[in-house]
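Please open the model in your viewer and keep the selection panel at hand.

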Amino acid sequence: MASTSHSVSGEGPAVVVCGAGAAGISTAIAAARAGGRVCLVESNPSIGGTVAGALIHTLAGFYDSSGEALNDGIAFELLERLLAAGAWRRRMGRVWVLQVDPQVYQHVAQHWLASLPNIDIQLGARVTRVHQYGARVRGVEIHSHEGTRQIDVRSLVDTTGGGRVVALLEPSLVDHDDTAAAGGWVFRLRNVAPDAMAFPRGIGVVRSLRDAAASGSLPRDCAKAWVDVGLTPDEVYVKLFVPLPPSRDRTDTLARVVRRCENDQSQVLAHLRTLPGFRDATPHGEGGLGVRDDGRVRGEYQLTRDDVKALRKFDDVAARCAWPIEYWDREHGVVLDYLDPGEYYEIPRRSLRVAGVDNLWAAGKCLSADRYAQASARVVGACWAMGEAAGSHAVADGN
Ligand SMILES: Cc1cc2nc3c(=O)[nH]c(=O)nc-3n(C[C@H](O)[C@H](O)[C@H](O)COP(=O)(O)OP(=O)(O)OC[C@H]3O[C@@H](n4cnc5c(N)ncnc54)[C@H](O)[C@@H]3O)c2cc1C
């Protein structure tokens, strides 16, 4: 690992949290509550990460198989705040989720962050350099349209969802699969007849997409599309299945994938409008391209599929998770491997601590895990719980 000399200005070392998605928001709140000065850096113009950006309305990982809250602390507080803002707990087959409008989630999180005076939120900004001295990160360079700042670092938490900041320090500390899990493209419809998705009609809607894809009147991958009820009686969410090419970081590749998603969206909409109750359906927002696995860091411990299946518990527990291994295979679609009813496994703090650097953490979907463990641990509730553990320990790091 390179060590670099640096010049740093500012008001004393900060806990720098890079990425304001589920894990980053929670990390920032936990670190601020623990008394840290926090700098939350987000490359997008607004906070909310994948939930707000990819229109996720069924937040998973908050409940066990009987619908009881799995984690206390900040994740539990979020549940209470979202329930008070109109969200509700919903059973989906063998699991429970929190049904919430992604914009409501974003507003609740924004309001929460704004209530904490020691969090400096930098939107439209990114960490461009990490300065390491010995086994510690000492500073970062943050670039935004206002220019470049240097900040003294107490500890650094990578919550970018892909280990982007850890890779700046040392690319080999981030693992990427050759064949990445499939992504998704979600769009929302309004003006759907309130009973169009009532049981068993909803099953018929999904089956109709499958049949149309099999007969060639819709693109092949539309066979794996999912249609779900929304937050209002006339609202429906459609989740398209998107196999991702290995080189999706390239702008031209990404633009091609997005164009294909837009094309699939308009064809699926045209098809849905031929079905009972969908004639007047109108688009009401679409998410950006959603990436489920964008790279995972190498931590002091790598959580594995065996740990998840064995319901393993750890002395240094950071979070509990009961979500099935939900692996989105780019060829075969989603495969769900459920935990035993009433059971959960634990995510250890060591899988959030980046190997070989004392004050460098990663939380959320880029935790240290194999692809199957990540396919369970990446759900939103677990990301919030991991964020709390990383944030509170990141403050302790500098003491
Ligand atoms: C299509 C799809 C459907 C899903 N469905 C569900 C579901 O129904 N229920 C569920 O619980 N989970 C679902 N998930 C998974 C879940 O949404 C994510 O795993 C989780 O939100 C990840 O949170 P995170 O905080 O780790 O990362 P993210 O929410 O992705 O946040 C990372 C943030 O970091 C920012 N960032 C990235 N790079 C930089 C940088 N260099 N500098 C500064 N900022 C940066 C990003 O802009 C982003 O805001 C789904 C995921 C996808 C893709």
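**Along the helix, then to the ligand**

Helices (H or I, at least four residues) and strands (E, at least two) are DSSP runs, numbered from the N terminus. Residues are numbered from 1 along each chain as its sequence is written. The model is a predicted one, in which local features need pLDDT of at least 70 and side-chain atom pairs count only at pLDDT 80 or more, while totals for chains, interfaces and linings use all residues.

Stay on H1: eleven of its twelve residues are buried, so the helix is largely enclosed by the rest of the structure. A residue is buried if 20 or more other C-beta atoms, placed from the backbone, lie within 10 Å of its own. Among the buried residues are Ala22, Ile25 and Ile29. Just after H1, select Gly35, which takes a positive phi of about 100°.

Next, select the ligand, which 37 residues surround, the closest being Gly19, Gly21, Gly49, Gly184 and Gly364; a residue counts if its C-beta atom, placed from the backbone, lies within 6 Å. Elements giving two or more residues to this shell include H1 (22-33), E7 (126-133) and H10 (380-397).

Finally, follow E7 to E8 (residues 136-144), to which seven bridges join it in an antiparallel arrangement; strands pair if DSSP finds at least two bridges between them. His131 stands opposite Gly139 in E8, and in the turn of this hairpin, where two residues lie between the strands, Gly134 has a positive phi of about 60°.
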